[in-house]
Amino acid sequence: MDGATDDFFHDDGAGPYAHCPRCGGSLEKRIVFSRDPPRLVCADCRFVFYLDPKLAVGAICRKEGKIVMLRRAIEPAYGKWVFPGGYVDRGESLEDAARREAREEIGVEVRLTRLINVYSYTGRPVVVVVYEAEVVGGEIRGGEEALEVRSFEPGDIPWDGLAFRSTREALQECLRGPARSGAGTLDGRRE
Ligand SMILES: [Zn+2]
């Protein structure tokens, strides 16, 4: 998402959408399968417009034990701290997307060291996959989306100034370290 300006509307998939992407006809909410929620269906060509989740990736980048974060220069969460991340392009691997975001947003090459977790929330369109990464090259500098970039000791993370719920939860999980086998359960996660 680097290089974007605020002239654009960054769609997170939450809609609403009025027109069919195939023919430009009007979209209407209709029951397609009786057990499913209503879908957007084109009144003209019958195209069913599924509102899929929107996939994002993040990389908690570490250098000499510190965590490199940027302060967002764009909405949403302008001025808040976050690790590099953004939407995955269609056809791009998650790992490539994570490395690309680190390069674009804080100027570094990273080696992904582990998958932290996948974050999804009821009613929210965005699903975030977060990796832990080690800085292996480049020079730390903020891209166009950063007001500033700073490296934090784990004890100095600005918990009250983080951008998103997934930012906080991923950092917490990252700092807890890898789960031992059988130690955790995904079923117990709070909604
Ligand atoms: Zn149509």
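Predicted model: local features only at pLDDT ≥ 70, side-chain atom pairs only at ≥ 80, totals over all residues.
Glu 64 sits in the loop that runs between strand 4 and strand 5.

**Loops with a positive phi**

- Although Glu 64 is a residue other than glycine, its phi is positive, near 50°.
- Glu 64 is exposed, because 7 other C-beta atoms lie within 10 Å and a residue with 12 or fewer counts as exposed.
- Arg 46, placed in the loop between strand 2 (39-42) and strand 3 (48-49), is likewise not a glycine and has a positive phi of about 70°.
- Arg 46 has 13 other C-beta atoms within 10 Å and is therefore partly exposed.

**A cis peptide bond**

- The peptide bond that joins Glu 75 and Pro 76 is cis, with omega about 0°, and Pro 76 belongs to the loop between strand 5 (66-72) and strand 6.

**Helix 2**

- Ser 166, Thr 167, Ala 170, Leu 171 and Cys 174 are the buried residues of helix 2; they lie on the same side of the helix because they cover an arc of only 125° around the axis.
- Strand 4 (54-63), strand 6 (81-82), strand 8 (108-119) and strand 9 (126-138) are included in what covers these buried residues, whereas Arg 165, Gln 172 and Arg 176 are exposed on the other side of helix 2.
- Gly 177, which follows helix 2, has a positive phi near 85°.

Definitions and conventions: Residues numbered from 1 in each chain as written. Buried ≥ 20, exposed ≤ 12 C-beta atoms within 10 Å, placed from the backbone. Helix = DSSP H or I, 4+ residues; strand = E, 2+ residues; numbered from the N terminus. Arc of directions from axis to C-beta. Contact = placed C-beta atoms within 7 Å.
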